[in-house]
Amino acid sequence: MATSSVTKDISYEDLKALLGKSQNLLVVDVRTKEEVDKGQIKGSVHIPVDTVEAAFAMAPEEFKAKFGVTKPPQDAPELVFHCQLGMRGLNATNKAHQLGYVNARNYAGGYKEWSEKEGK
């Protein structure tokens, strides 16, 4: 029985490294549209936290049509959720785990840390 304690966090450094080299990385921004409009991690996909469960339960064609990216397989090694400060990202990561995305991770620093480190 999986528990929420298996949720893995990913650090700024690790995420930055993945963004530089991975073709398969999917970064999901679960913040509100208003927050996303102020800035986002380049290449991230906006799926608000309250729609994550429905989004990741969609058929692959539907997911691609709605979000413009290929729906990751359940064993996708590089699926990262983030919000502004970490909590909504954690909730989204837990939802993804429940749906079978065993390697989903939360960028706990969130966009706040990202924008500070990136100097934006």
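**Close-up 1. Strand β2 pairs with strand β4.** Leu 26 has Leu 79 of β4 as its bridge partner. In this predicted model, local features need pLDDT of at least 70, side-chain atom pairs count only at pLDDT 80 or more, and totals for chains, interfaces and linings use all residues. Residues are numbered from 1 along each chain as its sequence is written, and side-chain values use heavy atoms, leaving out hydrogens and water. Strands β2 (residues 26-29) and β4 run in the parallel sense over 4 bridges. Two strands pair if DSSP finds at least two bridges between them. Strands (E, at least two residues) and helices (H or I, at least four) are DSSP runs, numbered from the N terminus.

**Close-up 2. Both faces of strand β4 are covered.** β4 spans residues 79-82. Leu 79 and Phe 81 are buried on one side. Val 80 and His 82 are buried on the other. Buried means under 20% relative accessible area (1.4 Å probe, protein chains only). In a regular strand, side chains alternate between the two faces of the sheet.

**Close-up 3. Strand β4 also pairs with strand β5.** The pairing with β5 (residues 105-107) is parallel, over 2 bridges. Val 80 has Arg 105 as its bridge partner in β5. β4, helix α5 (residues 87-98) and β5 form a right-handed β-α-β unit. Right-handed means that, with the strands pointing away from the viewer, the path from the first strand over the helix to the second runs clockwise.

Methods
Buried < 20%, exposed > 50% of the residue type's maximum accessible area, 1.4 Å probe, protein only.
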